[in-house]
Amino acid sequence: MQTNIGLLGYGTVGEGVARIISLEETLLSQKIGWPLKLSKALVRDLTAPRGFPPPPGLLTTNPFDVVGNPDIQVVVEVMGGIEPARTLILKALEFGQHVVTANKALLATCGKEIFEKAAQTKREVFFEAAVAGAIPVIRTLKEGLAANRIQSVFGILNGTTNYILTSMSQHATSFDTALAEAKSLGYAEADPTMDIEGEDAAHKLVLLTALAYGVLPSLKDIHIEGITKLEPLDFNFAAALGYVIKLLAKAALNPEDGRLEVSLNPAMLPKEHLLSGVTGVMNAVMVRGHASGDIFLSGAGAGMLPTASAVVGDIIEVARLEQTGAQSIRPSLGWHSLKGDAVKPAGDIRSSYYLRFSVEDRPGVLSSLAGAFAKHNISIAQVIQKGVDPLTNTVYLVILTHSAPERDLSHALELAGTLGFFTAKPQLIRVENLN
Ligand code: NAP
Ligand code: HSE
């Protein structure tokens, strides 16, 4: 008995999978009870240098050497992007092959179609590596916490941005240098805008929301904001105020109105919170179940071997199911039947805010600003004024607010903007106490 694997992609993740399957052959065989064998791997360029050179004949540029190949039982999609990945996965399911994928962009946008096809064809689609790299959060939500009503899921879900934020705040590295390092370490997406503008983490958040709440939010209904607007002085102010800035993913039921709030944005977190200590490429997820209480999972969120660890874990599970003929627990509540319920509009979500204004240093500015805030029911918790730039006569005014709906804050900022004393666009960062 043997399970044959076909890879769609032999890049960072594909190479990691090949390394583990080849170098841990005996261990895996002992764990499963029979060997795994890598049969074919799809690439674009047969001549490109490979860090873990494949055996002769493994690489191919013909996708149908993998998809629909009757000798291959499990197709592992680690090529990324929407097409041709989507079509190849659908075809593999039609041909009766099981699928393992690390492609969160694809599942967040076409997941319904893919899981519908999997249900029709009675094949599996496993995707542990699609969220938070090595951390087994999909299995935790699907199985370990299945007894719970999930109250909240908070997460740091992107390794590249967490690496950049850590380097900027702890080592004063520039944004561009930190991003270049993350790329060279194999953490970033083929298009790193997906990382830094928050889209990649939002894709993962959509998958976690679906598993936790059975609701598949549309990306356009989620407030998504990346890290490109953060400036070094915001890290300094955050530290002075006792906070750490993280790119925070949140899916939570509001205890007052019972509605689902889903957001992805930079947030100031209390420096003593567990999530604040998650640095570098590490990711973390904190799930609160009504019965389990808080569960905290942390581990490498990107990179060759951590991601391959999750992919090979899925391959092993599929291999066991394939050989025993058993059906797995479906990935969530039957994804194909998930509701597309709108989540709470961003404007209705309440938060506290850090606001940094660059204003002219003249009498009446603070009181006018406070007046604009009062008019829209924004209550100020703390004010800090720092230094004067003698060339521009500008001061930094930092305001922390009490909790307020985002819509009210936007109106207050619009009004303040008409008063004529801003010398630059205000900076806004949400403050989360994570209770
Ligand atoms: P990558 O290094 O860019 O590798 C992509 C591989 O797919 C390459 O081998 C490439 O061939 C092949 N490929 C891409 N498009 C193809 C096409 N149209 N036809 C044939 N081959 C094609 O990407 P990666 O970092 O491994 O990421 C792969 C997937 O895993 C993505 O969905 C990503 O979001 C996800 N993921 C990545 C990480 C990570 O840390 N990198 C972590 C979790 C999830 P060539 O080698 O010939 O170019
Ligand atoms: N680009 C992604 C990240 C890869 O940096 O987290 C892991 O999904």
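Colleague: Where does Asn-103 lie?
Modeller: Asn-103 lies in the loop between strand E5, residues 98-101, and helix H4, residues 104-121. Helices (H or I, at least four residues) and strands (E, at least two) are DSSP runs that are numbered from the N terminus.

Colleague: Before we go on, what sort of model is this, and how is it numbered?
Modeller: This is a predicted model, in which local features need pLDDT of at least 70 and side-chain atom pairs count only at pLDDT 80 or more, while totals for chains, interfaces and linings use all residues; side-chain values use heavy atoms, with hydrogens and water left out. Residues are numbered from 1 along each chain as its sequence is written, and chains are lettered from A and ligands numbered from 1 in the order in which they are written.

Colleague: Back to Asn-103: buried or exposed?
Modeller: Asn-103 is buried, with a relative accessible area of 6%; buried means under 20%, exposed over 50% and partly exposed in between, using a 1.4 Å probe and protein chains only.

Colleague: And what does the side chain of Asn-103 make a polar contact with?
Modeller: The side chain of Asn-103 makes a polar contact with the side chain of Glu-77 at 3.2 Å, and the side chain of Asn-103 also reaches the backbone nitrogen of Leu-106 at 3.0 Å. A polar contact is a pair of N or O atoms within 3.5 Å; within protein, one must be able to donate a hydrogen and the other to accept it, and residues adjacent in sequence count only if both atoms are side-chain atoms.

Colleague: New topic: how many salt bridges does the structure hold?
Modeller: The structure holds 23 salt bridges, each being a side-chain nitrogen of Lys or Arg within 4 Å of a carboxyl oxygen of Asp or Glu. In one of them, Asp-200 pairs with Lys-104, and the closest N and O atoms are 3.4 Å apart. Asp-200 lies in helix H9 (residues 199-213) and Lys-104 in helix H4, so this pair ties together parts that are 96 residues apart in sequence.

Colleague: Is that pair buried or exposed?
Modeller: Asp-200 is buried, at 2% relative accessible area, and Lys-104 also counts as buried, at 11%.

Colleague: What about Lys-220 and Asp-221?
Modeller: Their side chains meet in a salt bridge of 3.7 Å, N to O; Lys-220 is exposed, with a relative accessible area of 71%, whereas Asp-221 is partly exposed, at 27%.

Colleague: Let's look at helices: at what angle do the axes of H6 and H7 cross?
Modeller: The axes of H6 (residues 159-171) and H7 (residues 175-184) cross at roughly 140 degrees and come within 9 Å. Axes here are lines fitted to C-alpha atoms, for helices over the stretch in contact, and angles run from 0 to 180 degrees between N-to-C directions. H6 and H7 are therefore oblique to each other, given that angles under 35 degrees count as roughly parallel, over 145 as roughly antiparallel, 65 to 115 as roughly perpendicular and the rest as oblique.

Colleague: Which residues of H6 and H7 meet?
Modeller: Thr-160, Tyr-163, Ile-164, Ser-167 and Met-168 in H6 meet Phe-175, Ala-178, Leu-179, Glu-181 and Ala-182 in H7, where contact means heavy atoms within 4.5 Å.

Colleague: Last one: which residues of helix H3 are buried?
Modeller: In H3, residues 85-94, the buried residues are Ala-85, Leu-88, Ile-89, Leu-90, Ala-92 and Leu-93. The buried residues of H3 pack against several elements, including strand E1 (3-8), E5 and H4.
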